[in-house]
There are 2 protein chains.
Amino acid sequence: MVGSMTVSVNSTPPVDLYASGVHHAELLPASDDDHGGVIVEMKEPMDPDMFHAKLRASLSLWRQQGKKGIWIKLPIALVNLVETVVKKGFQYHHAEPNYLMLVYWIPDTPSTIPANASHRVGVGAIVLNDKREVLVVQEKSGKFQGTGVWKIPTGVVDESEEIFMAAIREVKEETRIDTEFLEILAFRQWHKSFFEKSDLFFLCMLRPVSFDIEKQELEIEAAQWMPFEEYAAQPVVKNHDLFTYITDLCLAKVDRNYTGFSPQPIRSLLNDQISFLYANVSDLNQSSSADRP
Amino acid sequence: MVGSMTVSVNSTPPVDLYASGVHHAELLPASDDDHGGVIVEMKEPMDPDMFHAKLRASLSLWRQQGKKGIWIKLPIALVNLVETVVKKGFQYHHAEPNYLMLVYWIPDTPSTIPANASHRVGVGAIVLNDKREVLVVQEKSGKFQGTGVWKIPTGVVDESEEIFMAAIREVKEETRIDTEFLEILAFRQWHKSFFEKSDLFFLCMLRPVSFDIEKQELEIEAAQWMPFEEYAAQPVVKNHDLFTYITDLCLAKVDRNYTGFSPQPIRSLLNDQISFLYANVSDLNQSSSADRP
């Protein structure tokens, strides 16, 4: 009411300031993405009513501009704005502890919004020394806590971490042993390990380059070099498919000619960043003269 | 004030009904998880004030009971309850389009809340027929839209889907060609492909068992069997590391003795569900007589 009285002083016809899209002070701060969409990263607190007005005006403008996917990132401190965004038709896309990402697909065509992350990635590290002893630990928490079972070091691959770097890091963190990465011997996929997500577990073989164990206090109950046969003779190892495969793969690698995948640096398609391709490099590099002219 | 007057009518001393934990009607519906925690799956709408009171009472009870991780799953329709949960100290854990999962760690000890999913998983499918022709497509969207580049079928592995099943499915969806899975030839990891998440891309080799192409209308502009040398001679294939590796790996498989990883069914550690281990099965099964007594 107060607003319309103010406008009546002016002689120009009333216009929809929000829809006109020219009053940038009334729009949310946004930047274009590479796929015809827009990203809004909210950082500072905003009054929910003002946020609602700006969001409405911005959506109207983006619609006129033919924008596709609209992303809004809300830090958890701005949780009071989540409801406003959802009521405008946004869906959740993903969340991390301190923020929530929402997305809205404007066009009538099918959405090409990328899928959310679906997998966690883990590593297990077989570290065998020249005396055929394997580096093993007992963990302070988890499935085998308090059971006396000795297992190889394992851990989660962090976001943006290379698999082979994660294996080296986990061994170092748990035991202070330095290693060189040799190969991925195998990997295993399994499903619904937590909620609807899946896990990929990469079994890695590493060569130790230091030998004095110093166990990590927080997570590790005990750590040692254990004769391989003693490790393999544990009932839990003999009775479970995955553990049996781990020992079989280790023996195949050490005593026969088993070849896994090793990392090869390659340049990215889009920029010159280096990433890694994991392949059977010895087979790939072997050029059979019989097949060549 | 009204409340305390009502209580004064009664002769029993005032008690904190919420903290006592015996008035189940005042608690949120919850079930125990396998890790000493509790899961609340909210399904029906609830008045925010009532929700707040029940959450407070429930947290008090769980604290007394020594519960650890508290999970609350809120469907997007109950977005009006999110702020209440966050104000009680919960963090976001993950989100999917239609729900948000929040978590709170009660103990003073370090949290063992599992990490969120960090990777998306994709597949590329090399399908080669007996005439050394490779199954290729042109996509209606994406990086190569409108460029005339022919590429192998690719796609995203769904949550809870096996990698080898995803490769078979993508080929079928895009071209109607039926295939048998042979091997994973290699995989590639790269980072920050979308926001902070990483991608794992598995290059698969499949054998066609049907040959009449019928392209999918929605995503595929064109599909054909293309002589392998013609595919490999495309400038984009020759000029990019990843594409060059794809052709090298394909030739190594077809013309030499390249061995990748193939899926082996294994039983789960916890239940008898079948999952798959991917390994160099021919190396694993080969028992070199020289090494055996």
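Which residue in strand 3 of chain B is the bridge partner of B:Ile39? The partner is B:Trp71. The model is a predicted one, in which local features need pLDDT of at least 70 and side-chain atom pairs count only at pLDDT 80 or more, while totals for chains, interfaces and linings use all residues. Residues are numbered from 1 along each chain as its sequence is written, chains are lettered from A and ligands numbered from 1 in the order in which they are written, and side-chain values use heavy atoms, with hydrogens and water left out.

Strands here are DSSP runs of E with at least two residues, and helices are runs of H or I with at least four, numbered from the N terminus. Two strands pair if DSSP finds at least two bridges between them. In chain B, strand 1 (residues 31–32) and strand 2 (residues 38–41) run antiparallel and are joined by two bridges; B:Asp32 has B:Val38 as its bridge partner. Five residues lie between the strands of this hairpin, and B:Gly36 takes a positive phi near 80°. Strand 2 of chain B also pairs with strand 3 (residues 69–75) of chain B, in the parallel sense and over four bridges. With helix 3 (residues 48–64) of chain B, these two strands make a right-handed β-α-β unit; right-handed means that, with the strands pointing away from the viewer, the path from the first strand over the helix to the second runs clockwise.

In chain A, five strands form an open sheet of mixed pairing in the order 1-2-3-5-4. Strand 1 (31–32) and strand 4 of chain A are the edge strands, each pairing on one side only. Strand 3 (residues 69–75) and strand 5 (residues 99–105) of chain A pair antiparallel over seven bridges, with A:Ile70 opposite A:Tyr104.

The largest cavity is lined by residues of both chains, among them A:His94, A:Lys197, B:His94 and B:Lys197. A cavity is a set of points on a 1 Å grid over the protein atoms alone where a 1.4 Å probe fits but cannot get out, and lining residues have an atom within 4 Å of a point. Strand 4 (91–96) of chain A supplies the largest share of the lining, three residues.

Terms used: 1 Å grid on protein atoms, 1.4 Å probe; cavity = no way out; pocket = protein on both sides within 12 Å on 5 of 7 lines; lining within 4 Å.
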